[in-house]
Amino acid sequence: MESLFTLSARPPVLVMSGEFDMGARDELTAALLAVVRNPATDVVVLDVEKATFIDSEALAAVIIGMNEARLAGKPFRIVGATGVVHRVLDVAGLLDLIDGHHYGP
């Protein structure tokens with residue numbers, strides 16, 4: 001399974017494309033933490049519109065990024081979730097992060 005994520009320049013948005021399974025956890029965690037720790041980031045935005053699959057390991061990376069954003073006082077948003085990714089977020093109880101809702105203080 002191949003995964004791909006890109007980072008837009010302004011505002012920083014991490015865009016996930018493809019399938020994200022246990023093999024993507026470390027790389028996804030590192031990418032999310034880089035966005036959170038970027039001084040130019042006011043709001044952490046994860047765009048999952050082009051993601052076709054996310055498993056529990058990749059979901060753990062998202063939760064690590066959320067928690068780090070919370071500690072940094074930055075809202076965390078997930079946008080574009082549909083299909084399987086939407087269902088996984090729903091089952092995990094993270095649906096409130098989608099489309100403008102945010103996690104954090």
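Which residues have the most contacts inside the largest nonpolar core?

Modeller: Happy to, with the reminder that this is a predicted model. The largest nonpolar core holds 26 residues, and those with the most contacts inside it are Met16, Phe20, Leu28, Leu46, Val48, Val62 and Phe76. Two or more residues each come from β2 (13-20), α1 (25-37), β3 (44-54), α2 (56-71), β4 (76-79) and α3 (83-91). Among these elements, α2 gives the largest share, 6 residues. As a general background, nonpolar side chains tend to be buried together in soluble globular proteins.

Let's start with Phe20, which lies in strand β2. Its relative accessibility is 0%, so Phe20 counts as buried, the limit being under 20%. Phe20 and Ser56 are 36 residues apart along the chain, yet 9.3 Å separates their C-alpha atoms.

Now turn to Val48. Beyond its neighbours within four places in sequence, Val48 touches Met16, Ile78, Val79, Gly80, Ala81 and Val85. Met16 is itself one of the core residues with the most contacts.

Finally, look at the two helices α1 and α2. On the α1 side, the contact includes Leu28, Leu32, Leu33 and Val36, while the α2 side includes Ala58, Ala61, Val62 and Ile64. The residues of this contact divide into 10 nonpolar, 2 polar and 4 charged. Leu28 and Val62, which take part in this helix contact, are also among the core residues with the most contacts.

Terms used:
Residues are numbered from 1 along each chain as its sequence is written. This is a predicted model: local features need pLDDT of at least 70, side-chain atom pairs count only at pLDDT 80 or more; totals for chains, interfaces and linings use all residues. Side-chain values use heavy atoms; hydrogens and water are left out. A nonpolar core is a set of buried Ala, Val, Leu, Ile, Met, Phe, Trp, Tyr and Cys residues joined through side-chain atoms within 4.5 Å. Buried means under 20% relative accessible area, exposed over 50%, partly exposed in between (1.4 Å probe, protein chains only). Helices (H or I, at least four residues) and strands (E, at least two) are DSSP runs, numbered from the N terminus. Contact means heavy atoms within 4.5 Å. Ala, Val, Leu, Ile, Met, Phe, Trp, Tyr, Cys and Pro count as nonpolar, Asp, Glu, Lys and Arg as charged, and the others, Gly among them, as polar.
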